[in-house]
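Work through the exercises below with the model open beside you. Try each task before you read its solution.

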Amino acid sequence: MVRASEMAAWLLRRLGPEDAHEVAMRTLQSGLAGWARPDDPALACDVMGMRCPNPVGLAAGFDKDGRAIRGLARLGFGFIEAGTVTLHPQKGNPSPRLFRLPAERAIINRMGFNGRGAKAFEANMHRLQRHGGSIVPLGINIGLNKEGAHPLQDYPTLINALGPFARYMVINISCPNQQGVRAQQGADTIGAVLAAVRQQCPVHPPLAIKLSPDLSSQDYPPLVEAAARSGASALVLTNTTTTRPGVGSPLASEVGGLSGRPLAQRAREVLRTVAACNEGRLVLISTGGIESGRDVFERLCMGADLVQIYSSFIYDGPSVISRIKRELLEAMRSHGLESIRQLRSERAEGRLRAHAC
Ligand SMILES: Cc1cc2nc3c(=O)[nH]c(=O)nc-3n(C[C@H](O)[C@H](O)[C@H](O)COP(=O)(O)O)c2cc1C
């Protein structure tokens, strides 16, 4: 029998990608989308002072304006990252700007920080609170406007405005679709931005920095040092790539960031590089090409504390979340691990790598 969620995913695949996204958002906002079963307590994770019922979150970019947080959480994500939110509304790049590459289970996007801006986001957060708040921890991802941005003022302003609604916030300096954003990925810039936040934001939620997969391996350790020394709590690894590893589709020549299956290998390499120099100081959130519970298990073994998905959610629909969680539990149990907590403590003691990864 075809399940309703599979049918919905099939229908959405037949619409243009942006139309499909809008239909999905409206369905989620209306409360018509389903409820997932409660999670097995073995999957619970305590990270950055938040309790996630499972480690599988929704990556940034799906709900840029924070419109459908409750509907998304009900699908069974362990946490949601909304955004990227910019201070002022902006249209983003002209359409077409979103391309599906189904044979490769990949997406290319050059959306370019389209969104309704911080005021509209804040209004959505007030509405969310009136309806009882988010049922899983909410992260808010922020970025700079294309025109007239002042990083040392705009990031603190966004953090002061939206911090009260977030359990963590992400400074997105790795979007490939707006000129100048990736130029912020230097140790000095990260240090200066975080110093401005310390000065201008008396209280703020834990902060993460989201990095690109397109830096060379020796570029990551100084960024890890700068983030850890300047008071960041986490790194999100990684954003989309401008490279096209093994992509044969004619759409490969479209300008934009590639996500999904072809990104997985690079996302794993970056996680391995960063975990090796991180020494447990920063929480690591891994994203890029995650499609199965086995993928999640592998990232957790490699040093991730949480993971996020986007492209596999687009291709498989909401049922991917429960499948990934079921497979993750199976992978854990087949390695004699009773809980994520046990996995993380065995990893910290160096007992995991030999038999699991
Ligand atoms: C259509 C689309 C829009 C995205 N928008 C954002 C965004 O606004 N901010 C951001 O930090 N990442 C954004 N991302 C990147 C995702 O958050 C994630 O890092 C990336 O897609 C890798 O995960 P995946 O392979 O599971 O898709 C976007 C990705 C896609 C496919």
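Two strands pair if DSSP finds at least two bridges between them. Helices (H or I, at least four residues) and strands (E, at least two) are DSSP runs, numbered from the N terminus. This is a predicted model: local features need pLDDT of at least 70, side-chain atom pairs count only at pLDDT 80 or more, and totals for chains, interfaces and linings use all residues. Residues are numbered from 1 along each chain as its sequence is written, and side-chain values use heavy atoms, with hydrogens and water left out.

**Exercise 1. Find the partners of strand S8.**

Task: Which residue is the bridge partner of glycine 139 in S8?

Solution. 
- Start with strand S7, residues 138-142. It runs parallel to S8, and four bridges join the two.
- Now go to glycine 139. Its partner in S8 is tyrosine 168.
- Trace the chain from S7 to S8. It passes through helix H5 (residues 151-162), and this β-α-β crossover is right-handed. That is, with the strands pointing away from the viewer, the path from the first strand over the helix to the second runs clockwise.
- Turn to strand S9 (residues 207-211). It is parallel to S8 too, joined by four bridges.
- Here valine 170 stands opposite alanine 208.
- The chain gets from S8 to S9 through helix H6 (residues 187-200), in a right-handed β-α-β crossover.

**Exercise 2. Check the cover of S8.**

Task: How many of the residues of S8 are buried?

Solution. 
- Buried means under 20% relative accessible area, exposed over 50%, partly exposed in between (1.4 Å probe, protein chains only).
- Count along residues 168-172. Five of five are buried.
- Sort them by face. Tyr168, Val170 and Asn172 lie on one side, Met169 and Ile171 on the other.

**Exercise 3. Explore the core around leucine 235.**

Task: Which residues have the most contacts inside the largest nonpolar core?

Solution. 
- Define the core. It is a set of buried Ala, Val, Leu, Ile, Met, Phe, Trp, Tyr and Cys residues joined through side-chain atoms within 4.5 Å.
- The largest has 95 residues, and Ile140, Ile209, Leu235 and Phe313 have the most contacts inside it.
- Helix H11 (residues 319-334) gives the most to this core: seven residues.
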